[in-house]
Amino acid sequence: LAFALDQETSLTRTPVTHAKTLFYGARREYRESAMAWHAAVTTEQVKLPMTDGGRPFPIPSVMQVQRESTVPGYDLVVMADFNLDGGAFVSTINYVNAAIALGLKVAIFHWRRADLDVTMPLKPSLRERARAGEFDILTAGERVDARRVLVGYPVVLKYRLDAVPTIRAEQFVILVNQMAARLTDGGDPQYDPRRIQTNVTELFGMEPRWVPISGLVHRLMRQDGRYPAPHTQVWSPLLDVENWCESTVTWRGAERKVPVLGRHARDHYTKWPSSAEALAQAYCADQACEVRLLGGADYALNVLGRRPDNWKVKPFAESTRAFLRELDFFVHYPHERYIEEFGRAVLEAMGLGIPVILPPVFEETFGAYAQYAEPEHVWSLVQQLWFDEQRYREAGQRGLAFVREHAHYDVLTQRLKHLDEAVEAAHEQ
């Protein structure tokens, strides 16, 4: 006779390592971690000694034969859909990077959006960093302590997972880099803050604190009765200032016959003015300049009904720095009713000392650090700055100042301290 799967402590009989976790949970995490290591090493490196030298890749704590008796502790657990591209991912991973740079112990939890491909493995670059010991990757069923939990993209929280890590934390923070709707009139809804509030409370037993990423977001949250009172301090996105920012502003007015304007963004209806007239004016169609558009422009060309002779369109690229460094002006004009919570591409251009020209609605976000104009006045503003070297350099320096003052990794320390003070004050009340 044979008795299979009968031991009470076996992986299959234990709920958090049950066979169902092959699809979500501990077994899937183990398999993905192993496969990522296999893909990253040579044939010879795959051969391991028979002696117990330890695994060359991290695995969930609930699958370890010799487990620590104490519950693992972290300074920061970051939750997000880490397979997203664009601003949501970059902003979130910069919080991970900042915390590591500050010496904090970090873990991440990959919370995939349920309406996307949930079978996609986690990005190989994150697996590599986990193998290097930069951070741990948590999975459902694990039990940890954390000083803080930070959710880098609120949309994921509307999809309630069957199981999550058990986290005993002091604070649960939701970074609002996406409003409940994409449009100012409530169109194109993304989530209901009340549902997210309920999900967090029931899954983690904590009331989340909602943190705006700009003055605009702070105002809109206060005007929307579905949100709890927002955190008083704005947390603008972070940037690796030491490795990104230029030390000086480059003015090419003496060497270029015409200025080069540009932007990089997704080719989506939200990223372009709605009318052909405003679109042509904002992006200086047919003017004495070169316009470079990274990320495609099919939507814009359909709105215009033609292709301006001075436009050069390139597909989206992961690395934007080389593209940005060749620009003289960064121009960013989204749909008039689109809520641009911040504008990470604007921040990156500022960090390279490039003057940015934006619609007036961005003044709540960037204040005196940027230049503002209605679409019909963009070209005249470009000319004023281009032919006045001093004004041009001053505009670039203001952008650099914003990045250094509001986006440096070091500001995270002050933000966390301010968060602690706000929580303490709330408890006293």
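## Helix H13

In helix H13 (residues 378-386), the residues Val378, Trp379, Leu381, Val382, Leu385 and Trp386 are buried, meaning under 20% relative accessible area with a 1.4 Å probe and protein chains only. Because they cover an arc of only 160° around the axis, these residues lie on the same side of H13; the arc is that of the directions from the helix axis to the C-beta atoms. Helices (H or I, at least four residues) and strands (E, at least two) are DSSP runs, numbered from the N terminus.

The buried residues of H13 pack against strands E7 (260-264), E10 (329-331), E11 (356-358) and E12 (371-372), and against helices H8 (276-282) and H14 (389-406), where contact means heavy atoms within 4.5 Å.

## Basis of the model

This is a predicted model, in which local features need pLDDT of at least 70 and side-chain atom pairs count only at pLDDT 80 or more, while totals for chains, interfaces and linings use all residues. Residues are numbered from 1 along each chain as its sequence is written, and side-chain values use heavy atoms, leaving out hydrogens and water.

## The open sheet

Six strands form an open sheet in the order E9-E8-E7-E10-E11-E12, with parallel pairing; two strands pair if DSSP finds at least two bridges between them. Strand E9 (311-314) and E12 stand at the edges with a single partner strand each, so one side of each has no neighbour in the sheet.

E10 and E11 run parallel and are joined by two bridges. Val331 has Ile357 in E11 as its bridge partner.

How values were computed. Buried < 20%, exposed > 50% of the residue type's maximum accessible area, 1.4 Å probe, protein only.
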